[in-house]
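Hi everyone, thanks for making time this morning.

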Amino acid sequence: MKRILFSLLLSLILIVPNGHAEETVPVASEPKVALPGMAEVMPRLARLAEEKTLLDTRLGVLTNLAAFQAPLGELRNRNAELQRLSDRLGTPQEWSVDQLVQVRALLDNQKAAASRLLGDVSGRLEELDTLHRDWLERQAFWEAWQNSVTPGQRQITRQGFSDARRLLQQIEQQFVEVSRPLVALQSEVTELQTALNAQTGLIEEALAARRGQVFQKTGPSFLNSDFYRQFNPQLWTSFLGSLKRLGEMDAFFWHTQGWLAVLQLLGAALVAGTLIVQRRRAAEVAAWNFLLRHPVAAGIFVSIVALGSVYRTPPPLWRLVLGALAAFSAAVLAAELLRHRRKNLLVFLLASVYVVSLALQAIVLPEPLYRLYLSLLCILGIPGLLWLAARERQATDAPSGFTLLLKLGALLLGVALLAQFGGFVSLAARLLESSLASIFIGLFTAMTLRLGVGGMALVLRYGLFRQRRFFRVHGAELTARLEWLVKVFILTYAGLHLLVAWRLFPTVGEAWHRLLDFSFAWGSGQLSLKMLLWFAIVIYAAVVCSWFLRTMLDEEFFPRRRMDRGVRDSVKKLLHYSVVLLGFFLALSMAGIDLKNFAVLAGALGIGIGFGLQNIVNNFISGLILLFERPIKVGDMVVVDNEWGTVRKIGLRSTTVETFDLAELIVPNSLLVSEKVTNWTLSNSRSRLVIPVGVAYGSDVPKVLTILAEAARQHPDVLKEPEPSPIFVAFGDSSLDFELRVWMADAQKRLLVRNDLLQYIDRRFREEGVEIPFPQRDLHLRSVDSAIIGGMQEKPAPPRSE
């Protein structure tokens, strides 16, 4: 109350002008130009009255506090709720770490709401202060104007200046009255914010103390008599009081958040009913089979996971109910996933332990009793895990990951038991609670992954998506990309929860922000994980956007325009390069890298190109030339370096040509631009085929020409226009030489047409008796030694073998 009165007094001092202010204001705001004359008094007075009317309207808006009533009431209610929670839990030093973290999150939300409300109120006060300064300047103007009037004119203008002074005094009083409720509201919100900061400080101190106690001895050992002295009547009274408080119903919670429980119930029923009704359709998605076998457990699990985090400070009993439902529904679904008897047994045992631990935490079990519970859990758990490990080893005849996990769990329980015996209470509790939470986080993550992946596959397989060709043709690839994104999101969220489970960070939000703010030196600046993450996200989004646009063009746009394949490939390549380049620069900008620095980088890049990258840049520029000029296109039949083949891909640096042997030639783009390349299908796919034919001397030439023409006419791939041409071309050394020249529509069929025509010509020549000669040579011996001839004549013939 004293703070409010002080604020009001201060505002009155600042707003209401006193005698000294009246003397100094005109001097401080003395006009720099000549003051108006006597004739302007009445018009300016009328204008001043109009401006006052507008000011009244604006002040009415500023003083309307109805917009602040709802957030202020919500702020008060939540503060009362936090106070009831604090009274129920006791001092922060007695709370568990989970309770400290939960209350601190609520306080952070409250402080954020108070800051927003305070900002809105302060904004109105600032606007009010600006308006007030403006009217003070006008008041100074009128006073200076009145003082500048001559004694003779003062008698004439006295009434006008008197009306203006009275009007300005009314406005001054109005400012005083308007500012009063806003200042009071600002003071109230400030006090609430101060109280919230004080509560947050106490919780931060308790959390800091808990973090420092992990590896410290915080209690007497079991061998110390001080431990047993704690079991006194006061301990049992505290325990019974906690049990009584557990059963108390919080009417305010059910009044304000009971709708969430109803929504969870309806959500569970909706999910279970949908799985039952759509069982046949959902069965096509293999990832959802474990849900279909237990629809009720699936409905409960999905409802609690989706809406459980929306609650604000739920009562301990309701937290226990939600935790038990979540644990056992997850255990049922996990057993369906694992389908392993010993693993299922372990999952249900862990769920039971989790629920019991949650119940003991809900009733705020005194520390000595909770230590005994954890020790008993370790004593029973060590032989149980070792027995399961031995049975698993006998069943598999070889060590497995599950066996190793069981032995590791037994070791962890042994360490926790030793810590309890030694008095390291915080360490023992941390090991057990964090390990149990990690196991359930892993189970929840596995089931959430199956839910997400199966849900996307189901959505893309049915409904509106089936009607579009894009989703029918590329649905599998789109699903794979979305699945990858879902997996990254879920695994990242699970990793953050693991950090929270092991108390490395108090909340998931704080863990996320702390990791993003981690930075390291890079040159003269700092590079943070947030910058790298933004860079990766934007680059990936650009690549996915490029793929989506190119695929949509292929499936929805190009087929309707009947565009040439080469044009389509050129458009898609240019679109891909443009989108990725734009994404690259946008990623640099989002990462906080100034694009002006690329001037230096461009200079360094130019030097690098001049020395070592000229071939790469040459091929890149040549690739752009190929895309724009299109001397070759995908699908063209070309001859490169005496190699025949078909262009399959025009890339950024090279072009891929597939030969008729199905070998792939990687040709640099610069070679296709600077060297001679034969393109058989550049402007059209027609091609002329020339088949040389030789017949023996003495053959019937007209008959040969007739057979060649007949061979061309009977083949379906030979064009009628231009007409085939059988020609007698020359007298060869051993034959009469002919050529059959034909045109075909598709150059890709050259070898097939040539083969068919040669077979037909050979068959017809044999039918008509036309001989195809062998090469002939006449050998003339001008002089031979007579001894050689005699020796050849006298040489006896070799004996015949019997």
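Let's begin with a charged pair: the side chains of glutamate 336 and arginine 339 meet in a salt bridge, at 2.5 Å from N to O. Please keep in mind throughout that this is a predicted model. The two partners sit in contrasting surroundings. Glutamate 336 counts as buried because its relative accessibility is 14%, whereas arginine 339 is exposed, with a relative accessible area of 56%.

How many salt bridges are there by this rule? The count comes to 30. Let me pick out a couple of others. Arginine 166 and aspartate 163 also join their side chains in a salt bridge, again listed at 2.5 Å, N to O. Both residues belong to helix α6, residues 151–212, and because they are three residues apart there, about one helical turn separates them. As for arginine 166, its relative accessible area is 41%, so it is partly exposed.

Then there is lysine 703 with glutamate 768, a salt bridge at 3.8 Å, N to O. Lysine 703 is in helix α24 (residues 701–714) and glutamate 768 is in helix α25 (residues 750–768), so this pair ties together parts that are 65 residues apart in sequence. Lysine 703 is partly exposed at 30% relative accessibility, and glutamate 768 is partly exposed too, at 32%.

On to the rings. Searching the whole structure turns up 23 aromatic pairs. One of them is tryptophan 142 with tryptophan 145, a tilted pair with 5.1 Å between centres and 45° between planes. These two tryptophans are three residues apart in helix α5 (residues 97–148), so they are separated by about one helical turn. Are they buried or exposed? Both tryptophan 142 and tryptophan 145 are buried. Now look at phenylalanine 728 and phenylalanine 731, which pair edge-to-face, 5.3 Å centre to centre with 75° between the planes. Here phenylalanine 728 is partly exposed at 31% relative accessibility, and phenylalanine 731 is exposed at 65%.

If you like groups of rings, Phe222, Phe227, Tyr228, Phe231 and Phe421 make up one aromatic cluster. Charges meet rings as well: lysine 343 has its charged end over the ring of phenylalanine 402, 5.3 Å from the centre. Likewise, the charged end of arginine 686 sits over the ring of tryptophan 743, at 5.9 Å from its centre.

Next, the surface. Trp512, Leu533, Trp534, Ile537, Leu586 and Met590 make a nonpolar patch of about 520 Å². Helices α20 (529–561) and α21 (565–590) each supply at least two of the patch residues, and α20 gives the most, with three. Leucine 533 has its place in α20 and is partly exposed, with a relative accessible area of 32%.

Last stop, the strands. Five of them form an open, antiparallel sheet in the order β6-β5-β4-β3-β7. Strands β6 (664–668) and β7 (678–679) stand at the edges with a single partner each, so one side of each has no neighbour in the sheet. Further in, β4 (residues 643–650) and β5 (residues 654–659) run antiparallel and are joined by five bridges. For isoleucine 650, the bridge partner in β5 is threonine 655.

Technical notes
Residues are numbered from 1 along each chain as its sequence is written. This is a predicted model: local features need pLDDT of at least 70, side-chain atom pairs count only at pLDDT 80 or more; totals for chains, interfaces and linings use all residues. Side-chain values use heavy atoms; hydrogens and water are left out. Rings of Phe, Tyr and Trp (its six-membered ring) pair if their centres lie within 6.5 Å; planes under 30 degrees apart count as stacked, over 60 as edge-to-face and the rest as tilted. Helices (H or I, at least four residues) and strands (E, at least two) are DSSP runs, numbered from the N terminus. Buried means under 20% relative accessible area, exposed over 50%, partly exposed in between (1.4 Å probe, protein chains only). A charge sits over a ring if NZ of Lys or CZ of Arg is within 6 Å of the ring centre and within 35 degrees of the ring normal. Patches are made of residues with over 30% relative accessible area and no salt bridge: like charges are joined within 9 Å, nonpolar side chains (Val, Leu, Ile, Met, Phe, Trp, Tyr) within 5 Å. Accessible areas come from the Shrake-Rupley method with a 1.4 Å probe; for residues, only the protein chains shown count as cover. A salt bridge is a side-chain nitrogen of Lys or Arg within 4 Å of a carboxyl oxygen of Asp or Glu. Two strands pair if DSSP finds at least two bridges between them.
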